[in-house]
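Have the picture open while you read.

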Amino acid sequence: MIRYEDGTPRTHHAVSNLAVEVDEESGIATARSYVTVFQALPELPLQAIVAGRYEDRFERRGGRWGFAERRVRIRLVGDVRGHLRG
């Protein structure tokens, strides 16, 4: 991944259609959502460069919920020349 002078890849991850299922008894929750990654650079217009799904698992520990796992399933890839090296 290319990081620019501001230390970021100059992307924005837009998450939508979030579905969450919580099992209070076991202290485990799962979530599914769509993700679209946008990027804009001086030499490239604002564009979607990747689209897919997030599949997340959360666990409650010490009374607090936190991420346990995130799986990213990429379905579509666009122009990533400003995002990936080589």
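Predicted model: local features only at pLDDT ≥ 70, side-chain atom pairs only at ≥ 80, totals over all residues.

Residues are numbered from 1 along each chain as its sequence is written, and side-chain values use heavy atoms, with hydrogens and water left out.

**The sheet**

- Four strands make up an open sheet in the order β1-β2-β3-β4, with antiparallel pairing. Strands here are DSSP runs of E with at least two residues, numbered from the N terminus, and two of them pair if DSSP finds at least two bridges between them.
- At the edges sit β1 (11-23) and β4, each pairing on one side only.
- From one strand to the next, the twist averages 20 degrees (axes are lines fitted to C-alpha atoms, and angles run from 0 to 180 degrees between N-to-C directions).
- As a bit of background, strands of a sheet pair through backbone hydrogen bonds, either parallel or antiparallel.

- Strand β3 (residues 44-61) and strand β4 (residues 64-77) run antiparallel and are joined by 12 bridges.

**Salt bridges**

- Searching the whole structure turns up 11 salt bridges (a side-chain nitrogen of Lys or Arg within 4 Å of a carboxyl oxygen of Asp or Glu).
- One of them links the side chains of E24 and R60, at 2.7 Å from N to O. E24 is in the loop between β1 and β2 (28-41) and R60 is in strand β3, so this pair ties together parts that are 36 residues apart in sequence.
- R60 is partly exposed, with a relative accessible area of 30% (buried means under 20%, exposed over 50%, and partly exposed in between, using a 1.4 Å probe and protein chains only).
- R57 and E59 also meet through their side chains in a salt bridge, at 2.5 Å from N to O. R57 is partly exposed, at 27% relative accessible area.
- The side chains of R71 and E69 form another salt bridge, at 3.2 Å from N to O. R71 is partly exposed at 43% relative accessibility, and E69 is partly exposed at 31%.
- Salt bridges with shared partners join R57, E59, R61, E69 and R71 into one network.
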